[in-house]
Amino acid sequence: MAGQTDMELIKDGVRLDGRKPDELREVKITAGVLDNADGSCYLEWGNNKVYAGVFGPMECHPRHKQKADRAIVQARYTMAPFSVDDRKRPGLDRRSSEISYIASQAFEKVVMVEEFPKASIRVDMQVVEAHAGTRCAAITAASVALADAGIPMRDMIPACASGKINDIVVLDLNKKEDNYGQADLPLAIIPSTGEVVLLQLDGHLSPEQFEEAMDLATSGCMDLYKIMRDALDKSYGGKK
Amino acid sequence: MSSDSVSNLMKGHMESLAAEGKRADGRSINEFRDVKIKTGMINTAEGSALVHLGKTKVLCGIKMLIGTPYGDSPKSGTMMTTTELAPLADQSFDPGPPREQSIELSRVVDRGIRESRMIDFEALCIEEGEKVWTVFIDLYILDNKGNLFDCCTLAAAAALSNAKIPNVQHGVADEDVDLPVTCWPISCTFGKLGDKVILDPTSDEEAVMSARLTVAHDENGNLRAAQKGMNGAFTDAEVREAVKTARKSDNVLREALKGI
């Protein structure tokens with residue numbers, strides 16, 4: 001968050017890319033795009049492009065990470081070197097490690113880990129083109145990949161951010177809004193219960209704006225949830 | 001399905017098929033799988049390509065940055081090739097620093113592109129001895145179903161052929177121009193299965209074959225790069241025959257590349 005800037009990002013309720021404050025960028029989801037992975041998903045969210053692949057449940061390596069009474073979820077988020085304007089050095093950096101860690105914990109809440117003691121479920125998320133909001137895109141794609149893999153889950157977790165630009169709370173920041181906006185709040189929820197499994201915030205929000213941002217991100221997650229279900233329905237729904 | 005015990009059970013079957021000139025997937029021994037090439041899908045990259053070779057899928061992105069030339073070639077641009085064996089491509093791929101397998105793959109692809117002089121490096125000079133373009137070829141393996149060598153070389157060639165030099169972004173000139181490409185290197189990879197040599201091995205075949213040979217040709221039929229891999233061996237005659245076969249068989253890949 002660059003904080004307060006003079007850049008006009010929203011005018012008369014219309015954002016630079018023509019969206020309304022509560023409008024998502026276009027999201028397209030395809031389940032089952034990779035052959036080696038047990039489950040997979042390709043997701044386009046605006047210009048963001050993400051692949052997710054799932055392996056498992058399988059024996060957990062290294063052994064010392066095994067849990068006697070449940071499986072662990074090992075999520076990994078990485079960005080391709082060509083996914084951003086300036087070439088990113090390949091490999092895990094601190095940002096990717098943090099996202100991987102909080103995503104793992106979010107998935108452990110919905111995956112029925114107690115069914116698979118000592119096992120590991122690997123969730124790999126590869127961002128190949130990034131234009132703000134990639135962690136939400138990656139977690140959403142990974143949820144669909146987990147379902148595609150047939151891993152027992154209580155629910156999928158859609159993830160969507162809200163934020164603040166020119167003192168107005170809006171849904172799903174794009175690249176420019178992320179760079180020059182005032183706040184960013186990525187949120188992932190369990191739609192069936194309304195529970196929050198991932199929440200981050202950076203920037204500046206008043207208590208009222210926070211309430212508004214939570215409402216907006218939650219409704220964004222619900223919109224996304226429908227797109228996720230439709231994608232699975234298209235792959236597995238059979239004849240209507 | 002590529003665990004060692006399965007491999008041993010499959011080995012006899014695959015070898016006896018090959019001995020009759022047949023393959024598990026119905027191909028003949030000198031036939032490539034179907035090729036599909038899509039280019040320009042990554043907007044943040046200077047050039048990009050997604051190549052399907054059968055079920056193997058590789059995404060290549062080209063980035064270009066301004067760097068300094070090597071002391072012994074002050075007028076030449078430079079290039080670097082990296083391959084990322086993305087964990088989602090194969091259960092056996094682990095994250096972390098590149099390992100030998102990935103380094104060998106990058107270097108073989110790099111040699112094919114570099115030694116064929118596919119990129120006109122002299123045209124990448126901005127200021128002699130001071131500033132040249134560095135071309136980063138980043139290969140992302142999305143699905144490993146065998147023969148990453150040929151799929152990666154093809155993806156790199158396709159992505160380079162659709163790359164634009166980002167002159168405007170870096171303030172070098174007023175217009176982005178096509179990356180100058182002079183020729184088309186194509187690599188063909190063979191595997192030794194029993195005492196037969198097969199083209200374009202799948203991952204199931206790779207798990208049971210004893211040796212690998214990759215040869216890259218330019219479009220005039222001249223050899224540009226080669227690499228023998230794995231702990232088996234080829235006879236002298238097999239090597240010579242494979243090089244001849246490569247010259248004949250790489251046409252399908254060339255046609256696919258021309259079609260983009």
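**Ground rules.** I worked from a predicted model, where local features need pLDDT of at least 70, side-chain atom pairs count only at pLDDT 80 or more, and totals for chains, interfaces and linings use all residues. Residues are numbered from 1 along each chain as its sequence is written, chains are lettered from A and ligands numbered from 1 in the order in which they are written, and side-chain values use heavy atoms, with hydrogens and water left out.

**Entry 1, the interface.** I looked up who takes part: 32 residues come from chain A and 33 residues from chain B, with contact meaning heavy atoms within 4.5 Å. The buried area is about 2600 Å², and carbon and sulfur atoms give 58% of it. Buried area here is the accessible area (1.4 Å probe) that two parts lose on being put together, summed over both. On the chain A side, A:N36, A:F82 and A:R87 lose the most area to chain B, together 29% of what that side buries.

How many salt bridges cross between chain A and chain B? I found 3, taking a salt bridge as a side-chain nitrogen of Lys or Arg within 4 Å of a carboxyl oxygen of Asp or Glu. A:D35 and B:K55 meet in a salt bridge through their side chains, at 3.9 Å from N to O.

I then asked which elements give two or more residues to the side that touches chain B: they are strand 5 (48–59), strand 6 (72–79) and strand 7 (119–129) of chain A. Strand 5 of chain A gives the most, with 6 residues. Helices (H or I, at least four residues) and strands (E, at least two) are DSSP runs, numbered from the N terminus.

In chain A, 5 strands make an open sheet of mixed pairing, in the order 3-4-5-7-6; two strands pair if DSSP finds at least two bridges between them. Strand 3 (27–31) and strand 6 of chain A are the edges, each pairing on one side only. Strand 4 (residues 39–45) of chain A runs antiparallel to strand 5 of chain A over 7 bridges, and A:L43 stands opposite A:V50 in strand 5 of chain A.

Helix 2 (residues 134–148) of chain A lies across strands 3, 4, 5, 6 and 7 of chain A, at about 150° to strand 4 of chain A. For such angles, axes are lines fitted to C-alpha atoms, for helices over the stretch in contact, and angles run from 0 to 180 degrees between N-to-C directions.
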